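Here is a short report on a protein chain. Look at the sequence and the model first, then read on.

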Amino acid sequence: MFFAVWSKYCNRRHWIAAVHRGAMMETVWNFWRSVPTGSKLAIATLIGGWILHVVVYFHFFPADLSDRTFFLQLVVGVGICYGVATGRRWARMLCVFFNIGIVALYALYSMALVQSEEWGWAGLTALIAGMFSVSTVFLLTRDSARFFNPQSPLSVNGRQYRRNGHERGADDTNIR
């Protein structure tokens, strides 16, 4: 009953059917094989960066750790990782914007910890900044852009169809 309601809510009936057939791992494996290598590295470093972020955040800010803060950190991290791992177009750009802020924040933390000569924590925060940087670089590559937006490019002299069904003609100035 729960699975039926959940699939109707999320519009993911094929995942539910795969669970009932026992083919869930096969479905995930086939999807993972279709992901380009750069996107795989971006996803792996993003998940690793968020895990390390949770460790460092809860070490440095234990006084600010309320239920609300924990929930917000969890929702943002899991939401972005899930969106990027499933190839959502909106998640890619949201992830890039979040990563830029996180990289700047952890670079500043790392510099402050180097000045206070706490080498272990400085290395860990530099590692987190590096992981989010690598994730950002690989999310901005051309292969990742094609993976997250699998539309065919516009041709120079051919007719193209817009998403809303209108046909582009020879007099259309928007043809590339």
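D143 and R146 sit 3 residues apart in helix 8 (residues 142-148), so about one helical turn separates them. This is a predicted model. In it, D143 forms a salt bridge with R146. The closest N and O atoms are 3.4 Å apart. That falls within the 4 Å cut-off for a salt bridge. Side chains of opposite charge can pair when their charged atoms come close. How many salt bridges does the rule give? The count comes to 1.

How open are the two partners? D143 has 44% relative accessibility, so D143 counts as partly exposed. R146 has 51% relative accessibility, so R146 counts as exposed. The limits explain the two labels: exposed means over 50%, and partly exposed lies between that and the 20% limit for buried.

Now turn to helix 5. Helix 5 covers residues 67-85. Both L74 and V84 belong to helix 5. Is V84 buried or exposed? V84 has a relative accessible area of 0%, so V84 is buried. L74 is partly exposed, because its relative accessibility is 44%.

L74 also belongs to a nonpolar patch on the surface.

| Residue | Relative accessibility | Class |
|---|---|---|
| L74 | 44% | partly exposed |
| V84 | 0% | buried |
| E117 | 59% | exposed |
| D143 | 44% | partly exposed |
| R146 | 51% | exposed |

Next comes the pairing of helices. How do helix 5 and helix 6 cross? Helix 6 covers residues 89-115. The axes of helix 5 and helix 6 come within 8 Å and cross at roughly 135°. That angle makes helix 5 oblique to helix 6. The reason is that only angles over 145 degrees count as roughly antiparallel, and 65 to 115 degrees as roughly perpendicular. The crossing of helix 5 past helix 6 is left-handed.

One residue pair gives a distance to check. V84 and C95 are 11 residues apart in sequence. In space, their C-alpha atoms are 7.6 Å apart.

Last, find E117. E117 lies in the loop between helix 6 and helix 7 (119-139). What is its phi angle? E117 has a positive phi of about 60°, although E117 is not a glycine. E117 is also exposed, because its relative accessible area is 59%.

Technical notes
Residues are numbered from 1 along each chain as its sequence is written. This is a predicted model: local features need pLDDT of at least 70, side-chain atom pairs count only at pLDDT 80 or more; totals for chains, interfaces and linings use all residues. Side-chain values use heavy atoms; hydrogens and water are left out. Patches are made of residues with over 30% relative accessible area and no salt bridge: like charges are joined within 9 Å, nonpolar side chains (Val, Leu, Ile, Met, Phe, Trp, Tyr) within 5 Å. Accessible areas come from the Shrake-Rupley method with a 1.4 Å probe; for residues, only the protein chains shown count as cover. A salt bridge is a side-chain nitrogen of Lys or Arg within 4 Å of a carboxyl oxygen of Asp or Glu. Helices (H or I, at least four residues) and strands (E, at least two) are DSSP runs, numbered from the N terminus. Buried means under 20% relative accessible area, exposed over 50%, partly exposed in between (1.4 Å probe, protein chains only). Axes are lines fitted to C-alpha atoms, for helices over the stretch in contact, and angles run from 0 to 180 degrees between N-to-C directions. Angles under 35 degrees count as roughly parallel, over 145 as roughly antiparallel, 65 to 115 as roughly perpendicular and the rest as oblique. A crossing is left-handed if the near helix is turned anticlockwise from the far one by less than a right angle, and right-handed if clockwise.
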